[in-house]
Amino acid sequence: QVQLVESGGGLVQPGGSLRLSCAASTNILSIYAMNWYRQVPGKERELVAAITSVSSTNYADSVKGRFTISKDNAKNTVYLQMNSLKPEDTAVYYCNAKLRRAIGFVDYWGQGTQVTVSS
């Protein structure tokens, strides 16, 4: 069982920045990938950014060049630095841990944190 606790959401003006944090209850080096998803009402949850145990990263096209995912293995924490925020970035952001098991991959989710971009 992996517990994930997100923090750092809030209200920011267009063009502003926020940094989200996700603290895991286990050694994140043992986790196949740590991901940030976001969801708006009426739409499917979408993958925003991912980072693997060897620090390989991947981003959605809509956030490339604006968002940066990183991790601190010593703190078992993953971050999402969001710059040049746009109103369309408004969503609930979820931290996800994908673990490799014998049966396949198992997903754990945080509770979500609201990000609102508005003037």
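# Notebook: pocket, core and cavity

I started with the open spaces. The largest pocket holds about 170 Å³ of space. I noted that the model is a predicted one. Next I looked up the lining. It is made up of 13 residues, and those closest to the pocket centre are Arg38, Val40, Lys43, Glu46 and Glu88. What classes of residue make up the lining of the largest pocket? I found eight charged, three polar and two nonpolar residues there.

I picked Val40 from the residues closest to the centre of the pocket. Where is Val40 placed? I found Val40 in the loop between β4 (33-39) and β5 (46-52). I then checked its contacts, leaving aside neighbours within four places in sequence. Val40 is in contact with Thr90 and Ala91. I also looked up one distance. Val40 and Gln111 are 71 residues apart along the chain, and their C-alpha atoms are separated by 15 Å.

I moved on to the nonpolar side chains. In soluble globular proteins, such side chains tend to be buried together. The largest nonpolar core here has 31 residues. Which of them have the most contacts inside the core? I listed Leu4, Met34, Trp36, Leu80, Met82 and Tyr93. Then I looked up the strands behind this core. At least two residues each come from β3 (18-24), β4, β5, β7 (67-72), β8 (77-82), β9 (91-101) and β11 (113-117). β9 gives the largest share, with five residues.

I took Leu80 from the list of core residues with the most contacts. I did not count residues up to four places away in sequence. Leu80 touches Leu18, Arg19, Leu20, Trp36, Val48, Ala49, Phe67, Thr68, Ile69 and Tyr93. Trp36 and Tyr93 are also on the list of residues with the most contacts inside the core.

How many cavities of 30 Å³ or more does a search of the whole structure find? I got one. The largest cavity has a volume of about 30 Å³. Its lining consists of Ile28, Ile31, Ala33, Met34, Ile51, Thr52, Ser53 and Lys71. β4 and β5 each supply at least two of the lining residues. By class, I noted five nonpolar, two polar and one charged. Met34, one of the lining residues, is also among the core residues with the most contacts.

Methods. Residues numbered from 1 in each chain as written. Predicted model: local features only at pLDDT ≥ 70, side-chain atom pairs only at ≥ 80, totals over all residues. Heavy atoms only, no water. Helix = DSSP H or I, 4+ residues; strand = E, 2+ residues; numbered from the N terminus. Contact = heavy atoms within 4.5 Å. 1 Å grid on protein atoms, 1.4 Å probe; cavity = no way out; pocket = protein on both sides within 12 Å on 5 of 7 lines; lining within 4 Å. Points joined across faces, edges and corners; volume = space filled by probe spheres on them. Nonpolar A, V, L, I, M, F, W, Y, C, P; charged D, E, K, R; others polar. Core = buried A, V, L, I, M, F, W, Y, C linked by side-chain atoms within 4.5 Å. Buried < 20%, exposed > 50% of the residue type's maximum accessible area, 1.4 Å probe, protein only.
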